[in-house]
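Dear colleague,

Please find below the structure that I am handing over to you. My notes on what was found in it follow directly after.

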Amino acid sequence: MNNSINRFLVFALMMIGLVGCEANFDPADSVPQSAKSYITVNAFPLVERQKDFIEETQLFYNGTIPDDDLRLRLRAYVYKNNSLVGAMTGLYSRLSDEIKMSKADLSTDTRYDVIVVADFVMMSGNNIDLEFWAVKDEANYDNIKLVDQGYTGLQYRSVGVAYTSIYGGEETSVDIAGLGMLAYMYFSDIDDSKIESIDYSWTDVTEYLLGARQAVSTTTYYDTYEVDPNYSGFYDYRYILPGSDKICEFGWELHGTSGQVVSEGDEAIRVTPSDNRIWGVNCSTGAFSNDYYNY
């Protein structure tokens, strides 16, 4: 009799334990689900207002990238609570308004912040040979930054960024806004009997915090033009980002045939993204002009 009671008590305790264990499991419908998310990128705004200074034609007409060894690069960084959970990179031979990037395994009940960076890279075969902008410290949203690699790059130095947020399984679209502007530096009325060379300089951003959306470091670049007697004018163009004070320092020196400084000047010019400009120096009068070059 006692053995029967003992066996019954043991069985009862086991059933109670099993019921208690089962009560600790979450219902099946509360388990987080994951899914693939999609971001459609419109890359046209990065360059759509850029045109050649002489021919006044679009530099990237109808989405065409002029050089065979050049690619549009898109990099997307996905963050959860400011920490990186994934990144995607794509290389494209044409600009488009419907480039689609995707990220798998994002939770459907979690909001993710996304930063998309667009720039141009030079290729050697299937490999990147030269980049104008590196992305560093991307592990944390507050630290991710663009870093200038030290190449002036003309219009191919263009870089843009877009910000969005997304849940797993969602689709969204972004337009890439240019971070900087294309500046044409035009020296006119050059008399080669008086002027032998032109030195010019400009300040530009070397580090830009993407999360904070602000420049943190700048540098000054220098270049020289040796006067060609066949031409009375010379122009150059650079892609310039606005610094923390939104000002670019543009300066020049005109050197005579004996090496002396004939004329010089410097200007502090406000930089506004996509607000393309002509910074003109009349080499006969020394006059400076700052004109729009948009359409």
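Which residues of the largest nonpolar core touch the most other members? Please note before the reply that this is a predicted model. Of the 54 residues in that core, the ones that touch the most other members are Val41, Leu72, Phe120 and Leu146. Strand β5 gives the most to this core, contributing eight residues. Apart from it lies another core, made up of 23 residues, which include Phe187, Phe250, Trp279 and Val281.

When its neighbours within four places in sequence are left aside, the contacts of leucine 72 include Ala43, Leu46, Ile65, Tyr92, Ile99 and Phe120.

Salt bridges

How many salt bridges does the structure hold? There are eleven, and three of them are described here.

In one of these, the side chains of aspartate 119 and arginine 75 meet, with 2.9 Å from N to O. The pair links distant parts of the chain, since aspartate 119 belongs to strand β5 (residues 111-124) and arginine 75 to strand β2 (residues 70-80), 44 residues apart. Both aspartate 119 and arginine 75 are buried. The two also take part in a network of salt bridges that links Arg73, Arg75, Asp119 and Glu131.

Another salt bridge joins the side chains of arginine 157 and aspartate 204, at 3.0 Å from N to O. Here too distant parts of the chain are linked: arginine 157 sits in the loop between β8 (145-148) and β9 (159-167), aspartate 204 sits in strand β13 (residues 195-209), and 47 residues separate them. Arginine 157 has a relative accessible area of 1% and is therefore buried. Aspartate 204 is likewise buried, because its relative accessible area is 1%.

A further salt bridge brings together the side chains of arginine 238 and aspartate 223, again with 3.0 Å from N to O. Arginine 238 lies in strand β15 (residues 234-240) and aspartate 223 in strand β14 (residues 214-226), so this pair ties together parts that are 15 residues apart in sequence.

A three-stranded sheet

The structure also contains an open sheet of three strands in the order β4-β1-β10, with mixed pairing. Strands β4 (99-107) and β10 (171-175) stand at the edges; each has a single partner strand, so one side of each is left without a neighbour in the sheet. From one strand to the next, the twist averages 25°. Strand β1 (residues 34-42) pairs with β4 in the antiparallel sense over seven bridges. Threonine 40 has lysine 100, in β4, as its bridge partner.

Aspartate 275

Finally, I draw your attention to aspartate 275, which lies in the loop between β17 (261-270) and β18 (277-282). Aspartate 275 is buried, because its relative accessible area is 11% and the limit for that class is under 20%. Its side chain makes a polar contact of 3.4 Å with the side chain of arginine 277. Leaving aside neighbours within four places in sequence, aspartate 275 is in contact with Met181, Tyr292 and Asn294.

With kind regards

Methods
Residues numbered from 1 in each chain as written. Predicted model: local features only at pLDDT ≥ 70, side-chain atom pairs only at ≥ 80, totals over all residues. Heavy atoms only, no water. Salt bridge = Lys/Arg side-chain N within 4 Å of Asp/Glu carboxyl O. Helix = DSSP H or I, 4+ residues; strand = E, 2+ residues; numbered from the N terminus. Buried < 20%, exposed > 50% of the residue type's maximum accessible area, 1.4 Å probe, protein only. Core = buried A, V, L, I, M, F, W, Y, C linked by side-chain atoms within 4.5 Å. Contact = heavy atoms within 4.5 Å. Pairing = 2+ DSSP bridges. Axes fitted to C-alpha atoms, helices over the stretch in contact; angles between N-to-C directions. Polar contact = N/O pair within 3.5 Å; in protein donor to acceptor, adjacent residues only side chain to side chain.
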